[in-house]
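I opened this entry to log what I looked up, chain by chain and contact by contact. My notes follow the display.

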Amino acid sequence: MATDSAAVLDGDRLEVAKARHPLAEAAGMFFRNHTAVAGLVTLAIIVVGSLVGPYVYTVDPYEMVWAPFSEPGADGFVFGTDYLGRDLFAGVVNGGRVTLAVGLSAALLSVFIGVSIGALSGYYRGWVEEALMRITEFFQVLPTLLFSMVLVALFGASLAMVTFAIGIVSWTAVARVTRSEFLRLREMEYVTSSRSSGARDLGLMLIVILPNALPPIVVQAALMVGSAILFEAGLSFLGLSDPNVVSWGQIIGSNRPYILDAGWTVALPGFFIFVTVLAISLVGDGLNDALNPKLRER
Amino acid sequence: MSEPHSGPLLSLRDLTVEFATRDGTVPVLDRLSIDLDAGATLGLVGESGCGKSMTALAIMGLVPSPPGRFAGGSILFADEDLTRASDAHLRDIRGNSISMIFQEPMTSLNPVYTIGEQIAEVLRRHQDLGRRAAWERAVELLDSVSIPLPGRRAHDYPHQLSGGMRQRVMIAIALACRPRILIADEPTTALDVTVQAQIFDLLQALREETGTAIILITHDMGVVAEMTERVVVMYAGRMVEEGPVRDILSEPHHPYTRGLIASVPHLHAEVSDEPEDLLEIPGIVPSLAEFGQERCLFAPRCPRVSDRCRSEQPLLRGSGGWHKAACWHPEAGPA
């Protein structure tokens, strides 16, 4: 009986949902997904912590404050100290910002490149598509880590360069997703209809087609932030990060030689990277379920 | 009603559009010549794949390319050849002087914008209206296509409207800039019969009000009889018969036209009357590969076929007046 009324209620809610903006509908869908909400909450805590943390916990992460390799909890340092005697907790609190910023801007860069290339090739077809897809394939077959290592090694390990190096190697997936959406949507009647009412190509791409193509691109972009963070950590682990700016990856990288003796110096920032990327993946999956009409049936 | 001979508003002259296929290029429109006077109504009739929609796209300058291209002839709109016009100029014409409504009202509206936004968009593009003025005009247009509570409905998304409502919105978009020609590509095929009648009434009323010439593309001879003054029957990219609607319906010359008319069910005064058999045209429209051959392309399906039909292409011949047909063995007498 209780389940019956719940079903009816759910049915009613569906009816109501029908009359709303598609985005509102997707948002409702997202917030009914518990794992996605858990991911979102975790992510929110991490983001807020990284933004506010440095003002609350004001220890300078660059300053040597104690003896090196003090274990977590000992001597009043929650996360202990690293090989130079710097407060690891201060490092984690301050590093979050940089890690997130690098992840976000690298993802934005790759989304920008990917959407531009995918949109142009899917919309114009013909030789434009051929040329752009060959370029995409070129970037796809490049060993990404190696290529970005070369870039950073050549042009210096500044934060901007690391971001650029990550963005430039990871846009191919976005380009492919965007292209396939454009290929599908350009045949829709409302596109022909807009064209027959005098819309220009740029308007058709940006105003008519792109909003309809966004759902899979948004999902891809969300997942991209996670992989960009991992990428930054990977580069840092290999020592290719800005040594003057503390990030989670940079902490791991600089403490790498002591991983056997002082495992926590690597494990703690690694744990934060893991949780952040996991949270982003959960949010990305939730977005995928909410925005993908085929999965919505379930 | 417009006078004949006053210089047509739109004139297709030997228009040929070719498609590149694996077996070489084929003419999907084969030396097509059609005149349309200002304010007139023209029916473009034929089965699917006969080139009706391609004719519409050609007039709009929207032939998909590749595989299509203009291969000859001209499209004169107010004495200007549209096949030679620049893209920018064509964009000015589209939606402004010539506009089009499509078959599927379900998919012809962009799902992510409200209908008010979509009408306003066209107005802002062509009429230099501000955001506010365009919106107000959009609401007026919704009112003029008989959408109830237009001020509120303008905020609706397409999925909140019924098929008939959406087609009204499409008509509002198409007529937003008071075009001189409206091309309606099977505007009611996807709608209920009662809604069909409403849409046609609306189109008629708007035509009388605005003086817009209408090209109605359909396969339904009943619709043609209802809506148009003149009919062009197309088959395999060619015009096979042309004339005033009354002549064509009462005395079709081409066997294909006869077939089209015979395949429309008629209502009988007496329900108890034995219904006439519906005649179908045997066979199917030829494949693209056969288009453009120097013979009568209808021959394989024709009851009156002779050897001449298979070896020689019939040209349009008149039997007096404006009624012309491309057939070696035209039929006389009522359908």
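I started with burial in chain A. Of its 298 residues, 42% count as buried. I am reading a predicted model here.

Next I checked the extent of chain A. Its C-alpha atoms fill a box of roughly 70 × 60 × 30 Å, taken along the principal axes.

Then I looked at secondary structure. I found 13 helices and zero strands in chain A. Read along the sequence, the pattern is α-α-α-α-α-α-α-α-α-α-α-α-α.

I also looked up contact range. I took the contacts in chain A between residues at least 6 apart in sequence; 68% of these join residues at least 24 apart.

**Helix pair H3(A) and H4(A)**

How do H3(A) and H4(A) pack? H3 of chain A covers residues 34–56, and H4 of chain A covers residues 88–124. I noted an angle of about 125 degrees, with the axes 8 Å apart. The crossing of H3(A) and H4(A) is left-handed.

I listed the residues that make this contact. From H3(A) come Ile46(A), Val47(A), Gly49(A), Ser50(A), Leu51(A), Gly53(A) and Pro54(A). From H4(A) come Val93(A), Asn94(A), Gly96(A), Arg97(A) and Leu100(A). By class, I logged six nonpolar, five polar and one charged for the contact of H3(A) with H4(A).

**Helix pair H5(A) and H8(A)**

I turned to H5 of chain A, residues 126–141, and H8 of chain A, residues 172–185. They pack at an angle of about 145 degrees, and their axes are 9 Å apart. Their crossing is left-handed.

Which residues make the contact of H5(A) and H8(A)? H5(A) gives Thr136(A), Phe139(A) and Gln140(A). H8(A) gives Thr172(A), Ala175(A) and Arg176(A). I logged two nonpolar, three polar and one charged for this contact.

**Chain B against chain A**

Last, I looked between the chains. The contact takes 17 residues from chain A and 24 residues from chain B. On the side of chain B that touches chain A, three elements each supply at least two residues: helix H2 (87–93), strand E6 (98–101) and helix H3 (115–127). H3(B) gives the largest share of that side, three residues. By class, I have 11 nonpolar, eight polar and five charged residues on the side of chain B that touches chain A.

Terms used. Residues are numbered from 1 along each chain as its sequence is written. Chains are lettered from A and ligands numbered from 1 in the order in which they are written. This is a predicted model: local features need pLDDT of at least 70, side-chain atom pairs count only at pLDDT 80 or more; totals for chains, interfaces and linings use all residues. Axes are lines fitted to C-alpha atoms, for helices over the stretch in contact, and angles run from 0 to 180 degrees between N-to-C directions. Helices (H or I, at least four residues) and strands (E, at least two) are DSSP runs, numbered from the N terminus. A crossing is left-handed if the near helix is turned anticlockwise from the far one by less than a right angle, and right-handed if clockwise. Two residues are in contact if their C-beta atoms, placed from the backbone, lie within 7 Å. Ala, Val, Leu, Ile, Met, Phe, Trp, Tyr, Cys and Pro count as nonpolar, Asp, Glu, Lys and Arg as charged, and the others, Gly among them, as polar. A residue is buried if 20 or more other C-beta atoms lie within 10 Å of its own, exposed if 12 or fewer, and partly exposed in between; C-beta atoms are placed from the backbone.
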